[in-house]
Amino acid sequence: MEEKDNNECPSSLDPKLAPLLLFGGGDGDDDDDDDATFMYSVRTRALLPRRSTDDDDMDATMRAHRRWTTAQGWLLMAPRRGSSPSPCTATFLWDPFTGRRIALPPDHDDTVLTHGCDRMCLLSRRRPTDPDCVVVVIDLDDTVLWYCRPGDLHWVEHHYLQPGTPHHEYRDCVGWAIGNLTAIDGKFYTDFTDHVAVLEFSPEPVFTVTAVDGDHRCPAGYTRCTGNLVESNGDLHHVFFSHPIGCSRIVARVSVYKLSVATQKQRSAWVKVDSLDGRVFFVGIDSLGVGASLDAKETGLKGNCIYYWGINGKVLNVYDMERGTTVVINPGENLPYDQSPQVLMPTR
């Protein structure tokens, strides 16, 4: 496994400004010439000055790559079409606050990180350098994923439903569950219709499904619920957004449940909680983006709050679990809202 510092990809972000919301570019079309990036500091509630592409190596690196965030703070970087070969145009995991890079196998046939396709990146461990860490790329439009371990020479493709069955009765449900996979201590967990599914690499991918108790579905009086899974302090949390009409743009209620793991005398169960143990959650409505949990003291934010954004990403909402109130923040008037923002935070 090759690890490089910011001597080859210089310039890094100031951790005192974290967490940051990154707007623009990302995993979009390689042919998009207007791929400017904008950063909003949640801590200071200010839009950062536009970085100059002429003299800023970090911005040049971002423009040369498509990127996917992870819950641990690392970014998966893949070169855009037409990028000139260089140390900064490879496929790698990147910590934008320190400049550290962990080399990954290249996508030779352009299938794992195909431009214009909906992908999500996960790490099974807190750090790519941790033993047995697995990097997973999920196709959110198809029933396939790819995985590798830092130091591998190639990606491995895995179809978790048999190819050629587009009308499989559980296809949509399974696809939604896979898109919510969340890493805890080397394994990936997801909610799956009154069950919890676990994906483990030993070394090939193996799924197990366990029944779980608890009424954490859409409460009475609401027509639709959306949600997102978040790992926090080693526990799996499910953030639910209740909508009064069949529209994800309006949130009338926010609820949080924590998975109580089974014992010899009791099955696993979702238990409603009224606190995040002083931490801060960042999530997207309807599973938009990777959910993240941050230490409130380290980020300078108020604890037990949930920061979330909607489908169009135009506003940042802050739900205070202690007060039961929501504050709306406008990051900026002229930001590109065709994509949900990506959360940048120091690696955990």
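Biologist: How do strand 3 and strand 4 pair, and over how many bridges?

Modeller: Strand 3 (residues 38–41) pairs with strand 4 in the antiparallel sense, over two bridges. Two strands count as paired if DSSP finds at least two bridges between them. Helices (H or I, at least four residues) and strands (E, at least two) are DSSP runs, numbered from the N terminus. Ser41 has Ala46 of strand 4 as its bridge partner.

Biologist: And what sort of model and numbering is this?

Modeller: It's a predicted model, where local features need pLDDT of at least 70, side-chain atom pairs count only at pLDDT 80 or more, and totals for chains, interfaces and linings use all residues. Residues are numbered from 1 along each chain as its sequence is written, and side-chain values use heavy atoms, with hydrogens and water left out.

Biologist: Which neighbours of strand 21 run parallel and which antiparallel?

Modeller: Strand 21 and strand 22 run antiparallel, joined by four bridges, with Arg279 opposite Asp295. Strand 21 and strand 23 pair in the parallel sense over five bridges, and there Phe282 stands opposite Tyr307. Further along, strand 23 (residues 305–309) and strand 24 (residues 316–320) are antiparallel over five bridges; Ile306 has Tyr319 as its bridge partner.

Biologist: How many of the residues of strand 21 are buried?

Modeller: Six of the six residues of strand 21 (residues 279–284) are buried, so the strand is largely enclosed by the rest of the structure. Buried means under 20% relative accessible area, exposed over 50%, and partly exposed in between (1.4 Å probe, protein chains only). Arg279, Phe281 and Val283 point one way, while Val280, Phe282 and Gly284 point the other.

Biologist: Why the two sets of side chains?

Modeller: Because in a regular strand the side chains alternate between the two faces of the sheet.

Biologist: Switching topic: which residues have the most contacts inside the largest nonpolar core?

Modeller: Leu122, Val136, Ile138, Leu145, Leu181, Phe188 and Phe201, in a core of 21 residues. A nonpolar core is a set of buried Ala, Val, Leu, Ile, Met, Phe, Trp, Tyr and Cys residues joined through side-chain atoms within 4.5 Å. Strand 9 (119–123), strand 10 (135–139), strand 11 (144–148), helix 2 (171–178) and strand 15 each supply at least two residues of this core. Apart from it there's another core, of 19 residues, among them Ala292, Cys305, Trp309 and Val343.

Biologist: What does Leu181 touch?

Modeller: Leu122, Ile138, Phe188, Tyr189, Thr190 and Leu199, leaving out residues up to four places away in sequence. Contact here means heavy atoms within 4.5 Å.

Biologist: Now the loops. Is Arg80 buried or exposed?

Modeller: Buried, with a relative accessible area of 8%. Arg80 is in the loop between strand 6 (75–79) and strand 7 (92–94).

Biologist: And Thr193, where is that?

Modeller: In the loop between strand 14 (187–191) and strand 15 (195–201). Thr193 is partly exposed, at 47% relative accessible area. Thr193 and Ala211 are 18 residues apart in sequence and 8.9 Å apart in space, C-alpha to C-alpha.

Biologist: Last one: how many helices and strands does the protein chain have?

Modeller: Three helices and 26 strands. Of the 348 residues in the chain, 51% are buried.
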